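Work through the exercises below with the sequence and the model open. Each task is followed by a solution in steps.

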Amino acid sequence: MATKTINTEIKEIVDIGKSVSNSYESEKEYFLLKDLQENFFINDRYRIEKLLGVGGFGIVYKVYDEVLKSFMALKFLDPKITSIEHKFIRVKREISISQNIIDKNVVRIFSLDKYENIYFFVMEFIEGRTLKDIIKKDGKFTWDIFLPLFYKILRGIDVLHQNNIVHRDIKPANIMVLENKDIKILDLGLAKALDDEDKTSSMNEVVGSVQYMSPEQIEGEEVDFRSDIYQLGLVFYYSITGSLPFDIKTNTYEMLFKRISDRPITLKSKGIKTPKYIEFGIEK
């Protein structure tokens with residue numbers, strides 16, 4: 001009996017060691033992906049064209065699909081996400097959500113695949129710039145120029161809501177503006193189906209981007225469509241002012257506290273003149 005227990009303990013230690021080793025190897029391989037050269041092949045199918053970006057959730061490349069003879073985007077996922085079971089369930093849900101929704105305002109995700117030890121999405125390739133990049137480079141919009149774009153953003157979010165999906169991470173970096181002024185809503189990885197039976201997005205779990213979290217997200221409460229509407233208000237406000245509606249010059253915790261306790265700085269106080277209905281809608 002004692003021998004069996006010792007063997008079991010040894011096996012557990014070995015398994016833990018293998019897990020740590022595999023995780024470490026995955027991390028090394030993941031960071032090396034940032035250095036992939038042009039014409040390098042992924043899984044003998046996807047030919048690297050160029051690096052598109054590196055973010056909190058992944059490394060994205062433009063590739064040429066030699067089978068379908070078309071350009072795609074590959075989004076390699078950080079092993080820190082895919083190695084945690086409940087987070088990886090969210091990742092896999094992103095695919096099922098996107099496959100169920102075909103709309104010109106929402107990015108398409110076609111499949112989940114694996115290269116070495118790293119998972120990646122095969123995605124629709126999009127030419128354009130994010131709202132965040134546009135505002136950073138060109139400056140804020142006037143409200144009348146931004147309004148037509150905002151209507152398209154609303155239509156995309158409405159499609160998600162009609163399918164019982166809350167995005168939960170609406171922010172300028174997740175909205176792509178195309179050359180023809182159409183928009184694409186990106187990164188459904190935090191999205192939550194309201195009828196989710198897996199309960200992978202439980203109460204008391206804070207998820208989302210700190211600067212764009214709704215009060216209920218900050219407090220770890222269950223969220224619904226209203227969280228997206230709150231974030232849409234922040235996106236509109238930021239797009240026409242170039243700043244967020246709370247005076248935040250301190251740490252993250254104070255920023256979150258102000259979001260719950262303080263009233264937002266009005267558009268009028270920022271010197272932004274809009275029709276009353278715009279001002280009322282955004283402040284509400």
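Arg-47, Glu-49, Glu-66 and Lys-69 are joined in a network of salt bridges, a salt bridge being a side-chain nitrogen of Lys or Arg within 4 Å of a carboxyl oxygen of Asp or Glu. The model is predicted, so local features need pLDDT of at least 70 and side-chain atom pairs count only at pLDDT 80 or more, while totals for chains, interfaces and linings use all residues. Residues are numbered from 1 along each chain as its sequence is written, and side-chain values use heavy atoms, with hydrogens and water left out.

**Exercise 1. Salt bridges**

Task: Find how far apart the closest N and O atoms of Glu-49 and Arg-47 are, and state whether Arg-47 is buried or exposed.

Solution:
- Step 1. The closest N and O atoms of Glu-49 and Arg-47 are 2.7 Å apart. The structure holds 10 salt bridges.
- Step 2. Arg-47 counts as buried at 19% relative accessibility, and Glu-49 counts as partly exposed at 22%. Buried means under 20% relative accessible area, exposed over 50%, and partly exposed in between (1.4 Å probe, protein chains only).

Task: Which parts of the chain does the pair of Asp-187 and Lys-75 link?

Solution:
- Step 1. The side chains of Asp-187 and Lys-75 form a salt bridge of 2.4 Å, N to O.
- Step 2. This pair links distant parts of the chain, 112 residues apart: Asp-187 lies in the loop between E10 and strand E11 (192-193), and Lys-75 lies in strand E4. Helices (H or I, at least four residues) and strands (E, at least two) are DSSP runs, numbered from the N terminus.
- Step 3. Asp-187 and Lys-75 are both buried.

**Exercise 2. The largest pocket**

Task: Give the volume of the largest pocket and describe its lining.

Solution:
- Step 1. The largest pocket holds about 1,000 Å³ of space. On a 1 Å grid over the protein atoms alone, a pocket is an open set of points where a 1.4 Å probe fits, with protein on both sides within 12 Å along at least five of seven lines; lining residues have an atom within 4 Å of a point. Grid points are joined across faces, edges and corners, and a volume is the space filled by probe spheres set on the points.
- Step 2. Its lining has 36 residues, and among those nearest the centre are Thr-130, Asn-174 and Asp-187.
- Step 3. E2 gives the most to this lining, with five residues.
- Step 4. By class, the lining has 17 nonpolar, nine polar and 10 charged residues. Ala, Val, Leu, Ile, Met, Phe, Trp, Tyr, Cys and Pro count as nonpolar, Asp, Glu, Lys and Arg as charged, and the others, Gly among them, as polar.

**Exercise 3. The second largest pocket**

Task: Which helix supplies the largest share of the lining of the second largest pocket?

Solution:
- Step 1. The second largest pocket has about 620 Å³ of space and is lined by 26 residues.
- Step 2. H5, helix H7 (225-241) and helix H9 (276-283) each supply at least two residues of the lining. The largest share, eight residues, comes from H7.

**Exercise 4. Positive phi**

Task: Where is Arg-168 found, and is Arg-168 buried or exposed?

Solution:
- Step 1. Arg-168 is not a glycine, yet has a positive phi of about 75°.
- Step 2. Arg-168 is found in the loop between strand E8 (165-166) and strand E9 (175-178).
- Step 3. Arg-168 is buried, at 5% relative accessible area.
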